[in-house]
Amino acid sequence: MRPAADPQRPGSAASPEIPKHVEHHPTLAHLPTSNPLGKARGSPLLCITPLGYREGPASSVKDCYAVQIPKICRLQQHLSAGEHQQDLFSNQPAMFVSPQSQPPAPHLSELIRLCGGTVCKSVRQAGICVGEYRGKKPEGARSLSEQWVLGVLHLEVGFEPATFASEGSRSNAALPGAPGTHFYSWVVQTYRVVIYGDIPKTKEDVVYLSNHQCTVDWIIADMLAIRQNALGHVRYVLKDGLKWLPLYGWYFSQHGGVYVKRSSRFDEKAMRKKLISQTNLGTPMYLVIFPEGTRYNPELRKVISESQAFASKEGLAVLKHILTPRMKAAHIAIETMKNHLGAVYDITVAYERSVDAKGQRKAAPSMPEFLCKECPRVHVYFERVDVKEIPPEPAFFRRWLHERFEIKDKLLTAFYDSEDPDKRYRFPGESRRSPLSLKKTLPSLLFLGGLTMPMLLTESGRKLYVKTWIYGTLVGWLWVSISP
């Protein structure tokens, strides 16, 4: 008997019957893990490649292999593919796929059928419920996430099936060893920015206030600014330690960024001086501030509990999904530049798929995870507040700022904890996708590439590049230590 895929252990899988002449594709990575489309040592192996699957003479395999996802990977052929049909899920109970699943239910159902599983239309007939489903389930039915199905195939969440053509126009490109076989193409999706609210089309001088979860938050500010053609206007309020970043610490300072220390060491005079010098020069301002002062990470319970205890002590509402905001930097920025600013942008950011298998919130994606597209969508709730509506007095400003963060907390609570599947993982109100045209990013890429590539392609250029980093960093450190 072949071992079955174990729903209780994500990533485990049965080894389906593989055509005897399937050959391992050498471009795929060795991973010491269960492989749903391969067998143990010495057995033939079916591999997903950018061109579908590859067949050939049987080869000896030292370890099980797992698929390393290319940008475009193609799962095998049509459901009626006969001898090539897989039976990975054939010995599992009937599965019900939630209508709210990601990838979309029709495509995930088709993937399960490709692997020999049975998909039922009614949850009452199911032994396994895939995806979030809040309705009543049959007694004994197991609830599993989409990640389990995809994990069994060693695919990652964060892709969605391409739009399929009609049967008459569907590609019939022949694959080696499988003439005339149909195949489906899954395209790893690039991240999407989903915006709630209307971003002004014209640039203006603003202070940008947002919740803070990860390094990617800085990129989100850039993503919004570039949609107003204001990317060059972005400046940051940064914690003091970041001024020692090689080259970038000096660059942020020269570009109008402000380095601040926390709590009692906060230097109000230095911040006012820096901002006044910028406004006197008429510098366009898109000043990004994260009032929480540090990142919200659900795994850092001590940081969260201390923040909540402080709010309770000060008679402020206790927040669940964000930290209690600190008012000093935001208040000084808005008060100092009140005659220069047009508005404050109140931004709430949520990253899709930043929940665990139990539906509990987990840490937001790191920069490498984000760049590897492990977060399929970024949700941004945008609200413009006229600077004239913001109270200047410190006590009233503090209350105003906390109330803004209470609204953020309610938005994030609904996003992560809503009992209604239709309201979960989205913000209230109308949303729209905000694609970015190539003409906004390609010129910068060509310019930087044109500067950097010739330098890196020659030995003397590479030496100059390294020396620039070394000596530029030393000079930058000396500069920011004298005039941050």
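I started with arginine 404, which counts as buried at 13% relative accessibility; buried is under 20% relative accessible area, exposed is over 50%, and partly exposed is in between (1.4 Å probe, protein chains only). Ground rules for my notes: this is a predicted model, where local features need pLDDT of at least 70 and side-chain atom pairs count only at pLDDT 80 or more, while totals for chains, interfaces and linings use all residues. Residues are numbered from 1 along each chain as its sequence is written, and side-chain values use heavy atoms, with hydrogens and water left out.

Which side chain does arginine 404 meet in a salt bridge? I found glutamate 383, at 2.8 Å, N to O; a salt bridge here is a side-chain nitrogen of Lys or Arg within 4 Å of a carboxyl oxygen of Asp or Glu. Glutamate 383 sits in strand S15 (residues 377-386) and arginine 404 in helix H9, so the pair ties together parts that are 21 residues apart in sequence. Helices (H or I, at least four residues) and strands (E, at least two) are DSSP runs, numbered from the N terminus. Glutamate 383 is partly exposed, at 30% relative accessible area. I also noted that Asp346, Glu383, Arg404 and Lys408 are joined into one network by salt bridges that share partners.

I then looked up glutamate 314 and arginine 398, which form a salt bridge with their closest N and O atoms 3.2 Å apart. Glutamate 314 is in the loop between helix H6 (301-313) and H7, and arginine 398 is in helix H9, so this pair ties together parts that are 84 residues apart in sequence. Glutamate 314 is partly exposed at 34%, and arginine 398 is partly exposed at 30%.

Lysine 243 and aspartate 240 went down next: their side chains meet in a salt bridge (3.5 Å, N to O), and both residues are buried. The structure holds 12 salt bridges.

**Then the packing**

The largest nonpolar core has 38 residues; such a core is a set of buried Ala, Val, Leu, Ile, Met, Phe, Trp, Tyr and Cys residues joined through side-chain atoms within 4.5 Å. Val207, Met271 and Leu287 have the most contacts inside this core. Among the elements that each supply at least two of its residues are strand S10 (206-210), helix H5 (268-280) and helix H9 (394-417). H9 gives the most, with eight residues.

I checked valine 207 too: leaving aside neighbours within four places in sequence, its contacts (heavy atoms within 4.5 Å) include Leu287, Ile289, Ala333 and Tyr345. Apart from this core lies another, of 32 residues, including Cys214 and Phe370.
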